[in-house]
Amino acid sequence: MTKADNMLSILWMLRAGTRKTAKQLAEALDIHVRTVYRCIDSLCASGVPIVAESGPNGGYTILSRFADSPLIFDPEEQKGLVHAAIFAKEAGYPHSDALDRATDKLKRYANEAQLEALERHGVGLSVIYPPLDGAYRSYLQELEQAAGQGRTLEMTYDKGRGEPSPSRLFDPYGIVYWKGSWYAVGHCGYREEVRSFRVDRIRELRQTDRSFERPASFSAKDYLLGQLLRDSADQAAWETVRIHSQEQVLNELCRHWLFGHALTCREPESATFKLERSTLETYVPYFLMPYGTALRIESPLLVRRMREACSRLLAHYEAVVPTNDTREGDDE
């Protein structure tokens, strides 16, 4: 038998719940006792909680909670793991190598029919995300490891406006994937408060000898979502916007993270949203612009901002292409 077969056989024998010595295992499998020791070491390195007890009644046992847990995944569970690995890897999950090893284990110990099914389902799902460069991936790995170990980092960050940013101490409480980008959430030593930072704007991370304790029950996801969708008691800061369009167009609009959370009333051909005025003044007009004349908007503020945004866009391209510039063939 191969080493993998010996390891699996030893694992199943220990799962039976009885203590076994290395000699007993060797005799049962017809292998040398040194082979048993090597297999036990490999199983422990793989995370199997094997306990060795010395003495006349000693031997190897396996922790009961592990022995009672299922070691075999059914076909649907295997497919789910492969698909989840594809999603995570394409989204830039920082430990993609570990995912590859895990899915390789599934395939390595699958029979021919199971392997064929895994390969078929694996190529049947694709996910498209912008590729991440090496620095981005390394920052994600370092942030995740520091969050898990409670280790403070020193960070240099680009605000995105061409302004120099001072180096700061940062306690990463967690990383969050949102709308195609990764964010790090934690305590900023420069501002002395919890802040969120886009990982693609991090310019340098350095380890320190400092440590921190994450606040109990803190959720990086809830914090980031709260910053993006702030609930204000000042009603003047909010605007009710009603949009009329075809049902399919409205369905697509409501799937957007901002509009979906701001939805207050939905009818087949109209949807009402409660949106923060600051978002209407900035990027909402540009998000709605690709819909063209498919939308009819009931909000004087948003309509005015849409008109201003379109005027600026028109003026920009009129300046880029002068009106007296003629294309080849215009005189025909």
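Predicted model: local features only at pLDDT ≥ 70, side-chain atom pairs only at ≥ 80, totals over all residues.
Reader: Ok, start with helix H6. How many residues does it have, and what should they span?

Author: Helix H6 runs over residues 96-108, which is 13 residues. At 1.5 Å a residue they should span 18 Å, and the end C-alpha atoms are 18 Å apart, so the two agree.

Reader: Which residues of H6 are buried?

Author: Ser96, Thr103 and Leu106 are buried in H6. They cover an arc of only 75 degrees around the axis, which puts them on the same side of H6.

Reader: And what is on the other side of H6?

Author: Asp97, Arg101 and Arg108 are there, and they are exposed.

Reader: What covers the buried residues of H6?

Author: The cover includes helix H5 (75-90), helix H7 (112-123) and helix H8 (134-149).

Reader: Let's do H5 then. How far does it reach?

Author: H5 has 16 residues and reaches 23 Å from its first C-alpha to its last. That is close to the 22 Å expected at 1.5 Å a residue.

Reader: Which residues of H5 are buried, and where do they sit around the axis?

Author: Gln78, Val82, Ala85 and Ile86 are the buried residues of H5. Their arc around the axis is only 100 degrees, which puts them on the same side of H5.

Reader: What covers them?

Author: The cover of the buried residues of H5 includes H6 and H7.

Reader: What follows H5?

Author: Glycine 92 follows H5, and its phi is positive, near 95 degrees.

Reader: New topic. How many salt bridges does the structure hold?

Author: The structure holds 15 salt bridges. Side chains of opposite charge can pair when their charged atoms come close.

Reader: Which residue does arginine 19 pair with?

Author: Arginine 19 forms a salt bridge with glutamate 53, and the closest N and O atoms are 3.2 Å apart. Arginine 19 lies in the loop between helix H1 (3-15) and helix H2 (22-29), while glutamate 53 lies in strand E1 (residues 50-53), so the pair ties together parts that are 34 residues apart in sequence.

Reader: How accessible are those two?

Author: Arginine 19 is partly exposed, with a relative accessible area of 37%. Glutamate 53 counts as partly exposed too, at 38%.

Reader: What about arginine 242, which residue does it meet?

Author: Arginine 242 and glutamate 267 meet in a salt bridge, at 3.3 Å from N to O. Arginine 242 is in strand E8 and glutamate 267 in strand E9 (residues 263-267), so this pair ties together parts that are 25 residues apart in sequence. Arginine 242 is partly exposed at 28% relative accessible area, and glutamate 267 counts as partly exposed at 37%.

Reader: And which residue does arginine 305 meet?

Author: Arginine 305 meets glutamate 281 in a salt bridge (3.2 Å, N to O). The pair links distant parts of the chain, with arginine 305 in helix H14 (residues 300-320) and glutamate 281 in helix H12 (residues 277-281), 24 residues apart.

Reader: Is arginine 305 buried or exposed?

Author: Arginine 305 is buried, because its relative accessible area is 12% and the cut-off for buried is under 20%.

Reader: Which residues do salt bridges with shared partners join into one network?

Author: They join Glu154, Glu204 and Arg206 into one network.

Reader: Back to strand E8. Where is histidine 244, and what does its side chain contact?

Author: Histidine 244 is found in strand E8 (residues 238-244). A polar contact of 2.7 Å joins its side chain to that of glutamate 298. Histidine 244 is buried, with a relative accessible area of 15%. Leaving aside neighbours within four places in sequence, the residues in contact with histidine 244 include Glu269, Ser270 and Ala294.

Reader: Last one, isoleucine 175. Where is it?

Author: Isoleucine 175 is in strand E4 (residues 168-178). At 23% relative accessibility, isoleucine 175 counts as partly exposed. Beyond its neighbours within four places in sequence, its contacts include Pro94, Leu140 and Trp182.

Reader: How far is its C-alpha from that of leucine 224?

Author: The two C-alpha atoms are separated by 9.9 Å, and the residues are 49 apart along the chain.

Note on methods:
Residues numbered from 1 in each chain as written. Heavy atoms only, no water. Helix = DSSP H or I, 4+ residues; strand = E, 2+ residues; numbered from the N terminus. Buried < 20%, exposed > 50% of the residue type's maximum accessible area, 1.4 Å probe, protein only. Polar contact = N/O pair within 3.5 Å; in protein donor to acceptor, adjacent residues only side chain to side chain. Contact = heavy atoms within 4.5 Å. Expected span 1.5 Å × (residues − 1). Arc of directions from axis to C-beta. Salt bridge = Lys/Arg side-chain N within 4 Å of Asp/Glu carboxyl O.
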